[in-house]
Amino acid sequence: MKVKCPSCQTEVVWQTSNTFRPFCSERCKLIDLGEWADENNRIAGKPDPSQMENMTDEELFALMAKMQVDPTQD
Ligand SMILES: [Zn+2]
């Protein structure tokens, strides 16, 4: 089964080994989480999801720690 990544519309094979499903990558998952948080909380000073696309992995992990997102959680 294939689904489209909600963030970038790339086709993704839906399989249990893809821990980021329905996203194509961890980055897209984080971008989507950022948008979700923005829509629901509207916290001032939150990073722009479009900025997250240009972040390094280190910066993303730091951001995840701040947002208290557990990357091991499915
Ligand atoms: Zn994607």
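Mentor: A residue counts as buried under 20% relative accessible area, as exposed over 50%, and as partly exposed in between. At 37% relative accessibility, Cys8 therefore falls in the partly exposed class. Cys24, with a relative accessible area of 32%, is likewise partly exposed. These values come from a predicted model.

Both residues belong to the metal site. The zinc ion is coordinated through the SG atoms of Cys5, Cys8, Cys24 and Cys28, at 2.3 Å. The angles subtended by the four donor atoms around the zinc ion run from 104 to 118°, and the arrangement is therefore tetrahedral. For comparison, the ideal angle for four tetrahedral donors is 109.5 degrees.

Along the chain, the donors of the zinc ion follow the spacing C-x2-C-x15-C-x3-C. Cys8 and Cys24 are 16 residues apart, and the pair links distant parts of the chain. Cys8 lies in the loop between strand E1 (2-4) and strand E2 (11-13), whereas Cys24 lies in the loop between E2 and helix H1 (26-41).

Of its 74 residues, 23% count as buried. The chain exposes about 5400 Å², of which carbon and sulfur atoms supply 49%. Among contacts between residues at least 6 apart in sequence, 27% join residues at least 24 apart.

Terms used
Residues numbered from 1 in each chain as written. Predicted model: local features only at pLDDT ≥ 70, side-chain atom pairs only at ≥ 80, totals over all residues. Heavy atoms only, no water. Donors = N, O, S within 2.8 Å, 3.2 Å for Na, K, Ca; no water. Tetrahedral: all angles 85-135°; square planar, octahedral: opposite > 155°, others 65-115°. Helix = DSSP H or I, 4+ residues; strand = E, 2+ residues; numbered from the N terminus. Buried < 20%, exposed > 50% of the residue type's maximum accessible area, 1.4 Å probe, protein only. Contact = heavy atoms within 4.5 Å. Areas by Shrake-Rupley, 256 points an atom, 1.4 Å probe, with all protein chains shown as cover.
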